[in-house]
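User: I'm new to this one. Can you walk me through what is in it?

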Amino acid sequence: RLHEEDDEILGVLSLVFWTLTLIPLCKYIIFVLGADDNGEGFPEGGLIPAGGTFALYSLLCRRAKLGLLSASDASDDDISAYNSGLPRKETVASSILKEFFDKYHSSRIVLLLLVLLGTSMVIGDGILTPSMSVLSAVNGIRIKAPSLHENYTVFIAGVILVGLFALQHFGTRNVGYLFAPILLAWLFCISVIGVYNTIYWNPHVVSALSPYYVYNFFKKAGKDGWSSLGGIVLCITGAEAMFADLGHFSQLSIRIAFTVIVYPCLVLAYMGEAAYLSKHKEDLQKSFYKAIPEVVFWPVFIIATLATMVGSQAIISGTFSVISQCRALKCFPRVKVVHTSNHIHGQIYIPEVNWILMLLCLAVLVGYRDTDTIGNAYGLAVITVMLVTTCLMFLVIVMVWKRNILGALAFVIVFGSVELFYFSACLAKVHKGGWFPLILSLILLSTMCIWHYGTLKKQAYELNNRVCLDMLLSMGTNLGINRVPGIGLIYSNVATGVPPMFAHFVTNFPAFHRILVFVTVQSLTVPKVPANQRFVISRIGPPEFCLFQCVVRYGYKDQRNDTHDFENHLIETVSEFLRNGNNDGEAFRWETTNQQQSSPSDDVTASSFENVVSSESSKKTVRFRGVGCSKELEDLREARESGLAYMMGSTCVLACDTSSYLKKFAINIVYGFLRQNCRHPAIALGVPHTSLIEVGMVYRV
């Protein structure tokens with residue numbers, strides 16, 4: 001609406017300034033970035049953190065033991081990289097909260113649902129940000145060509161979006177060299193134009209930095225002022241992407257870039273636009289492009305369009321990171337994760353997610369066509385993520401950092417009250433486009449919850465129906481089990497004992513390999529597991545049975561080795577286990593591939609042979625050094641030469657006949673559909689198809 005006075009314009013400028021200062025600068029840059037899930041090893045010696053709502057949740061799972069996820073995973077207390085700091089003393093508040101979560105199991109479920117809600121909204125951002133950003137930039141054409149039909153601007157925006165998603169497979173590192181100059185040029189342009197407009201049109205707008213103008217704005221605008229918050233909130237979109245992108249960029253680089261460059265440039269740009277509007281109130285709906293001087297309009301338009309691609313790239317890469325974390329922690333169906341950088345393991349690309357995001361972005365673009373309607377949906381998604389982050393930060397401050405609860409309450413009151421104010425205004429616009437992120441997040445939330453629920457039920461069945469070793473051995477005498485040459489790797493989720501799938505196989509086909517290794521792959525709630533702590537080996541039964549248990553531990557941002565590397569490392573670990581004489585069932589952790597643990601008796605008992613075995617399918621070498629256990633090492637060498645086979649269960653998970661209709665729908669239909677259409681476990685683990693044995697079995701959960 002048109003107003004004679006400048007109070008509304010100065011009030012909105014003051015709101016924008018203080019919102020930018022409080023949320024992105026104070027909350028995210030100062031506090032939230034410090035709550036990264038610390039610890040991706042970096043070749044140059046630094047640390048690459050893991051960000052996003054799941055990073056906060058993994059901190060709470062690991063340090064405060066609050067999650068449902070950690071209940072089904074192995075303990076990661078011995079991962080030294082994440083326990084190097086001295087533990088803080090428990091406070092009264094942290095003890096009370098911990099007791100509450102221990103007493104009420106439903107509170108852990110609510111916490112997980114809250115995290116998945118925030119994650120769903122981040123994925124929604126990955127759909128809305130590119131559509132909103134690119135369309136708003138392309139709409140600048142209509143300033144110079146008012147008669148141009150909106151179909152043309154929508155078509156141009158669609159072409160740009162397709163090109164943007166097509167670039168994703170090159171990875172952040174490669175396209176970053178192109179994007180950095182674009183973004184710097186963009187920030188330089190808007191800041192210089194902002195300074196020019198402020199000086200030329202109305203230097204008095206500098207006074208709007210006073211919070212008095214916020215009070216004056218609401219005093220004069222009333223309910224209309226509150227309603228406008230649903231649009232003002234768009235000035236802080238992208239703050240959540242900064243946190244989610246930890247892993248693509250370091251914590252320090254984000255802090256320096258935002259504080260020194262981005263924040264001051266944005267403030268100057270908004271001040272310049274407000275100065276122009278104070279003298280041209282009739283241009284209220286298209287003030288950004290109208291405020292650009294005629295001489296530089298087209299260069300700025302081109303840079304603006306390219307810059308929207310950079311902003312979209314940030315949230316798309318953040319979406320990849322969040323989905324990868326969900327997948328590793330059993331909250332998202334298996335998808336292909338491609339690591340696009342050899343130096344920064346957090347830089348990833350997920351092909352299936354990339355193309356689905358592109359199709360949804362185009363659907364939003366064609367369906368809405370209007371930046372105002374998309375903005376209503378966009379604002380609600382963004383502010384919901386920020387509210388979830390504030391709630392999780394309260395728990396991190398009290399239960400992980402062990403700080404005074406008054407400081408945590410101050411954090412929630414200061415930032416949470418501002419976000420709730422914006423959230424209420426965004427909710428009022430649900431019927432004007434805000435329904436889209438709600439429906440989308442509901443679908444994603446349901447998918448992740450059902451996948452997690454089904455996975456836990458499947459693992460619980462395997463744990464409850466695992467076979468005792470004595471029973472298996474007694475079966476061997478009755479069934480006349482034969483041992484064939486070679487090594488068999490039996491994959492299961494059972495970390496101790498014999499999985500039901502293997503017992504089912506033996507009863508129907510009484511033969512298995514001379515050496516058996518039961519392999520359990522576990523995803524821990526840490527970003528990365530050091531290579532020297534990845535394998536944990538133990539023996540099952542007497543030495544003459546040649547049965548071993550191997551737990552392979554990965555962090556949720558770890559890159560899985562290829563099959564040949566994995567085979568060689570596993571066999572090297574078993575040989576080290578035998579060489580060190582671990583025959584009493586004690587667990588052994590593989591330290592390094594080449595390092596040998598020496599003892600005073602090595603010179604006396606060391607065997608004189610050193611066998612080098614090369615697999616026909618791999619040029620890499622595995623070395624066996626015998627120290628007293630030469631017979632078992634010789635058997636291992638011969639078995640390796642005979643061949644290596646993988647065995648996995650091809651299970652069908654069904655709800656019991658007595659289960660409720662809701663559970664049958666979730667397990668039989670939704671979970672079954674997701675399992676059939678996601679990546680096969682053998683492909684996800686890199687198991688070669690020619691060496692795979694699948695055992696069919698029905699699980700009634």
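Analyst: One term to begin with: a salt bridge is a side-chain nitrogen of Lys or Arg within 4 Å of a carboxyl oxygen of Asp or Glu. By that rule, R640 and E567 form a salt bridge, at 3.3 Å from N to O. R640 belongs to helix α23 (residues 630-642) and E567 to helix α21 (residues 563-579), so the bridge ties together parts 73 residues apart in sequence. This is a predicted model, where local features need pLDDT of at least 70, side-chain atom pairs count only at pLDDT 80 or more, and totals for chains, interfaces and linings use all residues. Residues are numbered from 1 along each chain as its sequence is written, and side-chain values use heavy atoms, with hydrogens and water left out.

User: Are R640 and E567 buried or exposed?

Analyst: Both are buried. Buried means under 20% relative accessible area, exposed means over 50%, and partly exposed is in between (1.4 Å probe, protein chains only).

User: What does D635 pair with?

Analyst: D635 forms a salt bridge with K631, and their closest N and O atoms are 3.0 Å apart. Both lie in helix α23, four residues apart, about one turn of the helix. An α-helix has 3.6 residues a turn, so residues three or four places apart point the same way. D635 counts as buried because its relative accessible area is 15%, while K631 counts as exposed because its value is 56%. Separately, E634, R637 and E641 are linked in a network of salt bridges.

User: How many salt bridges are there by this rule?

Analyst: The count comes to 15.

User: What about E90, which residue does it bridge to?

Analyst: E90 bridges to K402, with the closest N and O atoms 3.9 Å apart. The pair links distant parts of the chain, 312 residues apart: E90 is in the loop between α2 (53-63) and α3 (92-103), and K402 is in the loop between α16 (371-400) and α17 (405-427). E90 counts as partly exposed because its relative accessibility is 41%, whereas K402, at 14%, counts as buried.

User: Switching topic. How many helices and strands?

Analyst: The protein has 25 helices and 13 strands. Helices (H or I, at least four residues) and strands (E, at least two) are DSSP runs, numbered from the N terminus.

User: How many residues does α14 have, and how many of them are buried?

Analyst: Helix α14 (residues 297-328) has 32 residues, and 24 of those 32 are buried. From first C-alpha to last, α14 reaches 47 Å, close to the expected 46 Å; the expected span is 1.5 Å times one less than the number of residues. Just after α14, K330 takes a positive phi of about 65°.

User: How much of the whole protein is buried?

Analyst: Buried residues make up 54% of the 701 residues.

User: And which parts have pLDDT below 50?

Analyst: The pLDDT is the predictor's confidence in each residue, from 0 to 100. Its mean over the protein is 81, and 82% of residues reach 70 or more. Among the stretches below 50 are residues 70-74, with seven contacts beyond near neighbours in sequence, and residues 584-628, with 90 such contacts. Contact means heavy atoms within 4.5 Å. Where pLDDT is low, the predicted coordinates should not be read in detail.
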